[in-house]
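Colleague: I would like to learn how to read a structure like this one, feature by feature. Could we start with the words we need?

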Amino acid sequence: MSTTHIQPLPNVRGRMSYTELGEGKKRTRNIREKTNRIAAQMGDMGTREDFIRFCSAMRRQSQGTRLNEGYELRVSWSPEELSRDSAEDIQRACEYGYLLCKEVAPNVPCWVTVHTDGEGGCVHVHATIANHDLVSGTAIAHGTDHATVKRKNDRLSREMGFTVVGPEPAREKTTWAERKGQFGIESFERVLGNRVADARDHASNMEEFLEELKVRGVERTETRKVDEKTGEETVGWSYKSRDPYGKSRRKRRRRASNLADDLTREGIEAYFEAKQRELEVPQQDAPAPEVLPDVPETAEPAEQPSKDFALDVYDLDRADVSEMASDLQKAHIHRSREEGKPFMDERYERLVEARNHPDEQLAKLREDVDAARREFHASKEARDTMQHPYPGLLAGMHVFAKAGCNAKDPVSRMMADMTAMMLRMMIKEALDEEARRQREEAERRVYESRKNMWDAEKRLKAAEKALSNEDERETKAHAKTMQARYARARSAGPSTPRSADKDKQFGE
């Protein structure tokens with residue numbers, strides 16, 4: 001079970017410094033050894049410092065109208081439920097703290113820090129929520145009181161498989177078809193529930209169901225508990241499978257009751273019992289076959305519904321847009337966390353806008369669906385036309401061939417046969433003409449491609465020749481320069497020293 005507490009923060013930096021380094025001797029030691037007390041953390045900004053600056057800047061921007069920079073939400077679990085020695089439990093607590101922040105304030109940035117160094121040895125979370133709504137641009141108006149936070153924590157704890165203090169409220173039986181939309185597209189719960197439901201639907205009894213689970217890589221575990229006071233025995237199921245979207249692709253476990261009631265032991269047994277009763281219905285109870293009235297052969301066949309009827313009647317509504325935006329938002333957060341990048345980017349803001357204002361996105365999606373529908377019908381008509389390039393001639397040949405078969409006198413049959421032969425010759429000539437035109441078009445494309453290839457080869461040869469001439473010219477110029485230098489060097493005689501004739505040096 002988990003306990004919660006929420007308090008306002010006039011200064012986020014001071015509190016974030018405490019959650020990172022602690023206080024007193026612990027803080028001094030962490031600063032000296034360059035360590036911290038963070039077991040796990042995650043948030044909507046790039047770093048803790050970015051989040052602190054954001055909270056401070058939003059309060060300064062309000063020009064003194066806001067008293068608090070944010071709120072701190074603390075959640076703590078008992079050692080029996082989450083162990084501080086388990087890395088999986090620590091990561092689970094971190095993800096739970098982030099989801100609870102989004103339940104309390106969906107459009108507000110947050111930063112979650114997990115500690116395991118408390119006095120009681122409990123895994124607990126310090127989740128700091130900024131006092132600024134990104135959608136409305138104002139401070140958090142409501143939802144930060146203790147009663148509201150406790151109610152949302154209890155509901156989220158039940159959904160995530162944690163125990164809750166107090167009696168569980170009565171609820172109606174849930175089915176996986178209703179529950180699957182509440183989980184993200186890439187969430188482990190949705191993947192596991194789809195595998196279990198698919199195994200159930202492809203089985204006719206319990207033995208086949210267990211075999212189908214093995215085929216899909218799902219392990220079923222049965223747990224039996226006996227009440228010490230009443231002696232009543234309860235049996236519960238849990239499913240274990242590999243998470244395809246997790247970082248380490250490890251195996252994870254979920255209780256069947258946390259997925260849906262129809263995937264528990266009682267739900268599976270009730271499903272197969274109902275299926276068996278349907279098979280045991282006597283044949284005499286089956287309804288009598290319907291007697292169809294005689295339909296004359298000349299009657300026109302009834303118009304069959306289009307195979308694309310689902311495309312014509314499909315229509316979007318606001319629920320589809322909101323659900324799709326919510327699923328995409330969760331998938332974006334999960335993928336960004338795997339890549340180690342902050343997910344508070346332009347894409348995240350567009351998804352939040354789509355979820356909060358589905359009417360605008362609904363209009364855009366309806367336009368896209370209408371355009372896709374028109375394009376589909378146009379391409380289908382074009383395909384049908386290409387399959388029958390000459391529908392008029394074919395229809396005419398069919399009509400005259402039918403008239404020839406129904407003709408009573410020999411002259412009528414002969415005329416009909418002659419007309420059919422003429423139509424056949426016309427069709428053959430038209431098909432030959434089309435084939436000739438296609439051959440000429442293909443030959444023209446081949447000739448143009450060959451011409452382009454030859455032109456490219458000519459340009460290549462010309463370039464190679466130009467480069468060769470340039471190299472030859474440079475070689476000749478270099479040789480000529482060297483020869484001129486050598487000739488000048490040979491023609492120049494040795495210089496006479498000034499002191500060679502001392503007697504005539506001063507004109508004597």
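Modeller: Let us begin with the elements: helices (H or I, at least four residues) and strands (E, at least two) are DSSP runs, numbered from the N terminus. This is a predicted model, in which local features need pLDDT of at least 70 and side-chain atom pairs count only at pLDDT 80 or more, while totals for chains, interfaces and linings use all residues. Residues are numbered from 1 along each chain as its sequence is written, and side-chain values use heavy atoms, with hydrogens and water left out.

Colleague: In what order do the strands of the open sheet lie?

Modeller: In general, strands of a sheet pair through backbone hydrogen bonds, either parallel or antiparallel. Here two strands pair if DSSP finds at least two bridges between them. The open sheet has 5 strands in the order β1-β3-β5-β4-β2, and the pairing is antiparallel. Because β1 (2-9) and β2 (40-43) stand at the edges with a single partner strand each, one side of each has no neighbour in the sheet. From one strand to the next, the twist averages 15 degrees. Strand β1 is joined to β3 (residues 70-77) by 8 bridges, the two running antiparallel, and Thr4 stands opposite Val75 in β3.

Colleague: Which strands does helix α1 lie across?

Modeller: Contact means heavy atoms within 4.5 Å; axes are lines fitted to C-alpha atoms, for helices over the stretch in contact, and angles run from 0 to 180 degrees between N-to-C directions. Helix α1 (residues 12-21) lies across β1, β3, β4 (110-115) and β5 (124-130), running at about 160 degrees to β5. Helix α4 (residues 87-104) lies across β1, β2, β3, β4 and β5, at about 150 degrees to β4.

Colleague: Are Cys101 and Cys110 buried or exposed?

Modeller: Buried means under 20% relative accessible area, exposed over 50%, and partly exposed in between (1.4 Å probe, protein chains only). Cys101, at 1% relative accessibility, counts as buried, and Cys110, at 0%, counts as buried too.
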